[in-house]
Every structure is written in structure tokens, then in C-alpha cells.
Amino acid sequence: MYNPFSLRGKTILVTGASSGIGRATAIECSRLGATVILTGRNEERLAETLNLLDISENKHFSIAADLTQQASIAELVSNLPQLDGCVNNAGIGKTTPVQFISENDLEHIFHLNCFAPILLTKELVRKKKLYNSSSLVFVLSIAGNFNILPGNSIYGSAKTGLSAFVKYAALELAGKGIRCNSVSPGMINTPFIQNQAYSEEDKQKDMSFYPLKRYGEPSEVAHAIIYLLSDAASWVTGTNLVIDGGRSLK
Ligand SMILES: NC(=O)c1ccc[n+]([C@@H]2O[C@H](COP(=O)([O-])OP(=O)(O)OC[C@H]3O[C@@H](n4cnc5c(N)ncnc54)[C@H](OP(=O)(O)O)[C@@H]3O)[C@@H](O)[C@H]2O)c1
């Protein structure tokens, strides 16, 4: 059947695949025919994701890695086959008012959200692990670029830093035929939200600012990522897709 969004024959690495958006992306990629390589730190939760993948056509596998460790990134990359795509999704948030920012928080949040995807991209390119028509997708956030909320400065700055990198990488890697794009989700129902210090009341109030009157689901981000990974987006590079139920309109 004709499907320009098919990922049949493609091998895709998904970071942060043990939970939330990464898990949903891995599941949807497998349903669209890709061979999926999962990574994250928690091997038990990676195995849970692996069990949820469509295995009718491909053999998927996982490699545990802590992306805040340079040696762990190097080992991950050395164990990878050639890739058609990489979804740089692993990330963490932390709500900290400006006067309480610590060097530790800065280092931790920037490392995973900004430095790790940059270093992983560098390693994939240097080790020639990307086919010439491959697609790199970076999961950013509306925080920083499209939505400024109190307490979110470190996270928003880290994601904004990464959004600049995506454009530079898109320009530099275009000569090799490698595309680089990003998605910027609004609030998505994953453990990420549960880990923040939001009360149910805060969440209901925040949700009322969403024109579509609800938070998003992980699969709704996954589908946008799949568009960018697929040949349907073969002439799309250096762009960002906002997926936020209209939140950034307000
Ligand atoms: N949910 C939202 O509202 C929302 C909104 C906008 C943007 N985002 C972005 O979407 C991405 C995914 O978030 P999510 O909501 O799916 O969060 P999540 O459910 O908390 O998942 C986060 C993932 O990151 C991985 N991770 C954390 N630390 C890591 C490390 N040191 N090394 C390797 N992997 C690590 C975790 O795996 P392990 O624990 O197994 O390592 C997990 O798989 C993040 O980049 C986040 O900033 C989320």
C-alpha cells in the first residue's frame, strides 16, 4: 500500500526509549516498518519497551547508555550499525527559580538536554554511522523559544541552545545529505510531568491555557517525529515543528 511515511528498511536509534515520548516513538517506528535500536539507562524499562514493539518484520534491540558520560556515548556508537535516523529524545526537566540556581543543576540539565545530543551527533558523524540520506530529529520543547514560564529558565535555556545547534548541524551536514530537524512539544502526559513539582490544581489551571483544552499524548509527538524521519520529509531540513495543542498561540 502507498505510504510516504513508511519507515520500512530504515534503522532508527531512539534515545530515552525507556519511557514516555521515546517509548511511543519506538513503538510507532516499529509499526511503520523500521528496525529500532533503543537506548536509555534503565535496562528493565528498555526491555519493557522492547516487548511493546511490532516484531512482525524486524529484530529490534537495546543498548543501555548514560548519555551524560562521554565514554558511554562512545561505547553506544561503536556498537551501532549504520543508521537511517536518530531521535535525540532523552531529557530531564527541573523547576528552579533564578535565585536558587546551582552550578550542579546547570551542569546536569544542560548536559543531558543540550550537550549529550550534540556529542552523540558528533560521534555518529565522526564514526560514519549515518547513511547519506539519514534524518536526525531532536526533541526540544515550547519552553524557551515559544513559552516562558517562571522557574523554567535552565531547562528552557538548554533546549534553546540545542535548537540553535539543530540549525547549524542542518547546514553543515546537508552536504552529506543528512537532514536535521526538531519538534517542540507542549505538555505531554508522561512521567516527565509527574516528576515536576506540579499539583493537580496547577495542572488543571495550566491545561486551561491550551486552546485544545488538554495535554498531548506521547504518540502525538511520535507521529510528528515519524514525518521528519520518513521520506515524506526528504526536502525538509533545519526546521522545527511545534506540537502543543495551540499553547504557544496564547
Ligand atoms: N513530557 C513533556 O511535557 C515534555 C514537553 C516538552 C518536551 N519534552 C521533552 O521530551 C523528551 C522526552 O521526555 P518524556 O516526557 O518522554 O520524559 P520521560 O518519560 O521522563 O523520559 C525521559 C527519558 O530520558 C532518559 N534519560 C534520562 N536521563 C538519562 C541519561 N543520563 N542518559 C540516557 N537517557 C536518560 C530516561 O531513560 P532512563 O531513565 O532509562 O535513563 C527516559 O527514557 C525530553 O527531551 C523532554 O525534555 C517533554
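This report describes the fold of one protein chain, from its overall dimensions to selected residues.

The structure is a predicted model, in which local features need pLDDT of at least 70 and side-chain atom pairs count only at pLDDT 80 or more, while totals for chains, interfaces and linings use all residues. Residues are numbered from 1 along each chain as its sequence is written.

## Overall form

The protein chain has eight helices and seven strands. These elements are DSSP runs numbered from the N terminus, with helices being H or I of at least four residues and strands being E of at least two. Taken along the principal axes, the C-alpha atoms occupy a box of roughly 45 × 40 × 35 Å.

Of the 250 residues, 43% are buried. A residue is called buried if 20 or more other C-beta atoms lie within 10 Å of its own, exposed if 12 or fewer do, and partly exposed in between, with C-beta atoms placed from the backbone. Two residues are in contact if their C-beta atoms, placed from the backbone, lie within 7 Å. Among contacts between residues at least 6 apart in sequence, 74% join residues at least 24 apart.

## The sheet and its helices

Seven strands form an open sheet in the order S3-S2-S1-S4-S5-S6-S7, with parallel pairing. Strands S3 and S7 (240-243) stand at the edges with a single partner strand each, so one side of each has no neighbour in the sheet. From one strand to the next, the twist averages 20°. Two strands pair if DSSP finds at least two bridges between them. In general, strands of a sheet pair through backbone hydrogen bonds, either parallel or antiparallel.

Strand S2 (residues 35-40) and strand S3 (residues 61-64) run parallel and are joined by four bridges. Within this pair, Thr39 stands opposite Ile63 in S3. Strand S4 (residues 83-88) is joined to S5 by five bridges, and these two strands also run parallel. Here Asn88 stands opposite Phe138 in S5.

Helix H2 packs on the sheet, touching S2 and S3, and its direction makes about 160° with that of S2. Such angles run from 0 to 180 degrees between N-to-C directions, and axes are lines fitted to C-alpha atoms, for helices over the stretch in contact. Together, S2, helix H2 (residues 43-52) and S3 make a right-handed β-α-β unit. Right-handed here means that, with the strands pointing away from the viewer, the path from the first strand over the helix to the second runs clockwise. Helix H5 (residues 153-173) lies across S5, strand S6 (179-185) and S7, and runs at about 160° to S6.

## The nonpolar core

A nonpolar core is a set of buried Ala, Val, Leu, Ile, Met, Phe, Trp, Tyr and Cys residues joined through C-beta atoms within 7 Å. The largest such core has 60 residues, of which Ile12, Val14, Ala26, Cys29, Val36, Val137 and Ile225 touch the most other members. Beyond its neighbours within four places in sequence, Val14 is in contact with residues including Ala26, Cys29, Val36 and Val87.

## Selected residues

Ser19 is found in the loop between strand S1 (11-15) and helix H1 (20-31). This residue counts as buried, with 20 C-beta neighbours inside 10 Å. Apart from residues up to four places away in sequence, Ser19 touches Arg45, Thr190 and Pro191.

Leu76, in helix H3 (residues 70-78), is buried with 22 other C-beta atoms within 10 Å. Neighbours within four places in sequence aside, Leu76 is in contact with Thr39, Ile63 and Ala65.

Val236 is placed in the loop between H8 and S7 and counts as partly exposed, with 15 C-beta neighbours inside 10 Å. Residues up to four places away in sequence aside, Val236 touches Arg179, Asn181 and Leu228.

The table gives separations for pairs that include these residues.

| Pair | Apart in sequence | C-alpha to C-alpha |
|---|---|---|
| Ser19 and Ala158 | 139 residues | 21 Å |
| Leu76 and Ala65 | eleven residues | 6.5 Å |
| Val236 and Ala170 | 66 residues | 9.7 Å |

Two lysines have a positive phi although neither is a glycine: Lys128 at about 55° and Lys213 at about 60°. Lys128 lies in the loop between helix H4 (103-126) and strand S5 (130-139), and is exposed with 9 C-beta neighbours inside 10 Å. Lys213 lies in the loop between helix H7 (200-207) and helix H8 (218-229), and is exposed with 10 other C-beta atoms within 10 Å.
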